[in-house]
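Subject: The structure for you to look at

Hi,

Here is the structure I promised you. Have a look at it first, and then read on with the viewer open.

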Amino acid sequence: MNSKRRKLLQALGGTGILAAAQPWTSAPAFAQNTPLRVGIIAPRAGIAGTIGECGLRGTQFAVDHINSTGGIAGRKVELVVEEETNPKDSIERLRKLVLQDKVDCVQGIVSSGVSLAMGPVAEDMKALVIFWDGTTQDGVKETMPDKHYAFCSTDNECEAVMSSLLAVKHWKGQFKTVAGINPDYSYGRNNFAAFQALLKKFGIEHQVVADQWPKVGTTDLNSHVAALKAAKPDLVFSSLLFADLPIFMRTAHGAGLMDGNTKFVFPAAGFQHTALKKSFTPPGMIFGHNTLYFDYAKGSDLQKKFVQWYHEKTNDYPNWEADRAFFAMAIYKAGVEAAHKAKGGWPGKEDVISAMEGVKVQSLGGPGMMRKDHIAEQTFYQGITTHDNKYDFPTLGTVDVMYSDQLQKGTGQDFWKWIETANIKM
Amino acid sequence: MKIAAVLVAFVAVAALPRVLSPYHVTLVLPALAYSIALLGFNLLFGYTGLLSFGHALFVAIGGYGAAVLSSKLGLRSFEAILLLSAAAAVAVAIPIGLLAVRYVKIFFGILTLAFGMLFHSFLFKFYDLTGGDTGIRVLRPSLLGRAYEDLDKTTWLVGPFYYYCVGLLAVLAFVMWRLVHSPFGLHLVATRENRRKAEYLGVRVRFFRLIAFSISAFYGAIGGAILAVNTGQADPELAYWTHSGELVFMTVLGGFGNFFGPIVGAFSFIFLKDQLVGLTQYWRFWLGAILILIVVLFPRGLSGLVERMWARLHRSTPS
Amino acid sequence: MTAFLDVVLGGVFHAAVLFLVAAGLQLVFGVQKIVNLACGSFYALGAYFGISAVSWCLAHGMAPALFLPVLLVAGLVAGLIGPFIEALLLTVYHRDEAFQLLLTFALVLMFQDVLRFFWGADPQQLGDLVMTYGRVKVGALQVPTYNLLVIGASVAIAAGLGAFLQKTRFGRILRATAENREMSLAMGVNVRWVYASVFTLGTMLGTVGGALVVPTAAASLDMPVELVVEAFAVVVIGGLGSMRGALAGALVVGLLRAAAISWYSELEMLAIYLVVIGVLVVRPGGLFGRPLE
């Protein structure tokens, strides 16, 4: 498995070498039979490295497909891959892609810390950027109020909203005290706040008895679990999503936190689904798989083909970042081709941008679109877990499917107001 | 001769935007910022002999100063931002310095590291105040009262802002030059060479170290403010200990025994890192390997290497 | 009461982990006066190596219950990298401390990519292996047996090290060399050899620690840089170079962290740094260190 991954990364890295070998003061290539250059910025090391690699595979799958079926409006796609690290360095990578490699479009970014810092820079630089993920709604509202060059994914809070709805639907009246253990950054903070706001909206009286904020990447959660156990909650809400999620699960199971009747809600479990082994992950929890649930029986042929391709390459099953990456590429392709057709020739950046507004695509996980305010709409999958499957990790016993227009605020609305007033159709 | 060389280098740096692509000019900006920060750092390290492994603390104060002043308090004048951020850094440096200058060597390094990490966890944990891991946006400031609203960010960065920073580096380098060649600078070197002897000669060792520490904080914050304006964001990584490590790396790469060493170090580090990141995903490995080479084979850094070659050249040409 | 014990147990477990990282750091500093920033990298190396060794053995039909000895051996084997690193450090023994610190900083950078090259970017975990040994239940108190084993191993290593340093001939040579290098040289001690073995021993403490703890946690590329800071807190509180200090410092940091998490979780790390600074102000040498100039 490792050697396969390295090969993929080498293949992807190879395009990076090509780009870097260019002279320092390169003239823009204008010939239209040259490949379209798409820059990708994704994490490749550290705690989000897995996620970045899964996304890169989604991109690879999309590009293989595009290049073998005539490219984007006749032009093949060439990737230039750069590493997402901290905000400062990642922004320097963006500058390199845009100013030096002269890419036509930049896609990627997993961490909201990076995307929220990068958005304004992209606007300043007039660089077309499509974010895979990492766009918490208030952050986007603050740092990218009038997006023109940046295109955001669905609000990060969608998954928290959906699993809160499921918690209300399935467990109303069965819990009074709630506890949270969420990653210590805007994503985790917003998710837990959204959960509480939704409980309030549905008139569920509750009391928060513990809230824990472990730093992303903490590998020893014994003390956090002890604090949760001491609070004796009826329900635990946790949007942990990196390697700390399996650790939490194992630690909580070991300490007996899961022995009683406590309910568990994991809106982002899908990032780690295959690492949550049955032996320490009891069934009956709410798991969020975001925009791609690999085992969805009614999934499209495209999804099934991808899951099989992915499994052959990695002996693993993909998470939603692959879908986000595929979606970003699909939106870009649809935009360029629509603009190309409308103009009857190769479109400029502004043409592509206006064509991408409102464009609809089929992504791996299901239908999606790009709203006029540059926020994506996609299909979400969550449900209650079961052990009744052929894998060594739980899957969804019942699958709820929701389109994100029921899960995120509309254009120009305030998120917290929207939660109060929205008429959500389950 | 030396003055001529400095002037040539200065003119060359000022002319870079005419030769280089905009991307490489935006790379020079952090190099300028680090040059300023490292001039201060080297007053402490090279001249006073105190190795701070938490110096990123002051760079972060400069960055967050620019962020808070520009986007929370609406202050747009870059001169005011620089002065206030640097003043904040000095205000923080004095109490820390009072504690830290009692130690030398590794203990000084560890204590400063602890303070740097203290600030990092404050930035990281107090989400409502500091924006947590995302940090705070830095809005584009006005330079000498001019806003340049007609320029987009890249043009502004590689145009007015670039020349502003070059000018700032020239001024601050000149001030530092005067400082290290003043009696104060000589006293610092004396305290490094032999503490007892310095005391005997009437040098108040701790007091002088404290002053050096505060000045280095001042320079660090100015560098940090430039860095943050360039990125458009101040984030907690600025204060993380590995960033402090990079500062030491740059200084040793350039050579801490030479006044201009840190500037050489800042420029070569930035371009080295950019090239490596473009070439391989294993750039950390090669960066580390180069650092080991420098430490083992060329402890006087690049500037030491140049000095040696220069000396050899002079010996061979009859004068 | 159970809740209190849970919190204490969580703290002691973290202390056990920290002691294993800090012990190597202390040993090397005590004798060689080198602060090794790469101690966290050794720990990570042990963790990754342990995972691979156990996975390999399981794939070749080993009974899951035997994973503990495999981890121990893997940790010891990974520690054999010590002499090679020490040979590199040899070049800076007589140089300024800045160079020693930088050299180990360079190792931190290099190790991160070496680990990534061999094990990839994904954090690695051992699945549910830790539950093979079951859980210990006393009333409402419940804890995985393996956590107690880690605490026990840490205590055993601490005791073993203490006895080794106090009672054996080699231990006495070590302490003498730490005390006065020139004198030891004059007495005919092979300092070269002493340094190499001390550094290897320090490395093994780290790699064995990493291998032992990994079933309860994960091996990730971020681990080294995160751990170093906590290990530093431990040795500063305990006093640089002192083994007893490492033990005391680890307990202070572990329990303090556990208390902060259950009382006001925002203070998790802040509290630790505040104590570090407090100790340095009040007792500059640390709890068990010597007073400084």
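This is a predicted model: local features need pLDDT of at least 70, side-chain atom pairs count only at pLDDT 80 or more; totals for chains, interfaces and linings use all residues.

**The seven-stranded sheet in chain A**

Let's begin in chain A. Seven strands make an open sheet there, in the order S7-S6-S8-S9-S10-S14-S15, and their pairing is mixed. What does it mean to stand at the edge here? Strand S7 (207-212) and S15 of chain A each have a single partner strand, so one side of each has no neighbour in the sheet. On average, neighbouring strands of this sheet are turned by 20 degrees against each other, if you ignore direction.

You can follow the pairings one by one:

- Strand S6 (residues 177-181) of chain A runs parallel to S7(A), with five bridges between them. A:Thr177 has A:Gln207 in S7(A) as its bridge partner.
- Strand S10 (residues 286-288) of chain A pairs with strand S14 (residues 379-386) of chain A over three bridges, in the antiparallel sense. Here A:Ile286 has A:Ile384 in S14(A) as its bridge partner.
- S14(A) also pairs with strand S15 (residues 395-403) of chain A, again antiparallel, over eight bridges.

**The three-stranded sheet in chain A**

Chain A also has an open sheet of three strands, S11-S12-S13, with antiparallel pairing. Which strands are at its edges? Strand S11 (360-362) and strand S13 (376-377) of chain A are, each with a single partner strand, so one side of each is left without a neighbour in the sheet. S11(A) and strand S12 (residues 367-370) of chain A are joined by three bridges in the antiparallel sense, and A:Lys360 has A:Met369 in S12(A) as its bridge partner. Helix H11 (residues 320-343) of chain A packs on this sheet, touching S11, S12 and S13 of chain A, and its direction makes about 135 degrees with that of S11(A).

Now pick out helix H3 (residues 56-72) of chain B. Its 17 residues reach 23 Å from first C-alpha to last, close to the 24 Å expected at 1.5 Å a residue. Buried or exposed? For H3(B), 15 of the 17 residues are buried, so the helix is largely enclosed by the rest of the structure. After H3(B) comes B:Gly74, with a positive phi near 70 degrees.

Helix H2 (residues 39-59) of chain C can be checked in the same way. At 1.5 Å a residue, its 21 residues should span 30 Å, and its end C-alpha atoms are 30 Å apart, which agrees. In H2(C), 15 of the 21 residues are buried, so this helix is also largely enclosed by the rest of the structure. H2(C) is followed by C:Gly61, whose phi is positive, near 85 degrees.

**Where chain C meets the others**

How many residues of chain C are in contact with chain B? There are 32, and they meet 36 residues of chain B. Helices H5 (97-119), H10 (223-238) and H12 (270-282) of chain C each give two or more residues to this side, and H5(C) gives the most, with 15. By class, this side of chain C has 26 nonpolar, two polar and four charged residues.

Towards chain A, 35 residues of chain C are in contact with 32 residues of chain A. H1(C) gives the most to this side, with nine residues. The classes here are 17 nonpolar, ten polar and eight charged residues.

**The core**

The largest nonpolar core has 349 residues, and those with the most contacts inside it are A:Val129, C:Ala22, C:Leu102 and C:Ala231. Helix H1 (residues 2-32) of chain C gives the largest share of this core, 18 residues.

Cheers

Terms used
Residues are numbered from 1 along each chain as its sequence is written. Chains are lettered from A and ligands numbered from 1 in the order in which they are written. Two residues are in contact if their C-beta atoms, placed from the backbone, lie within 7 Å. Helices (H or I, at least four residues) and strands (E, at least two) are DSSP runs, numbered from the N terminus. Ala, Val, Leu, Ile, Met, Phe, Trp, Tyr, Cys and Pro count as nonpolar, Asp, Glu, Lys and Arg as charged, and the others, Gly among them, as polar. The expected span of a helix is 1.5 Å times one less than its number of residues. A residue is buried if 20 or more other C-beta atoms lie within 10 Å of its own, exposed if 12 or fewer, and partly exposed in between; C-beta atoms are placed from the backbone. Two strands pair if DSSP finds at least two bridges between them. Axes are lines fitted to C-alpha atoms, for helices over the stretch in contact, and angles run from 0 to 180 degrees between N-to-C directions. A nonpolar core is a set of buried Ala, Val, Leu, Ile, Met, Phe, Trp, Tyr and Cys residues joined through C-beta atoms within 7 Å.
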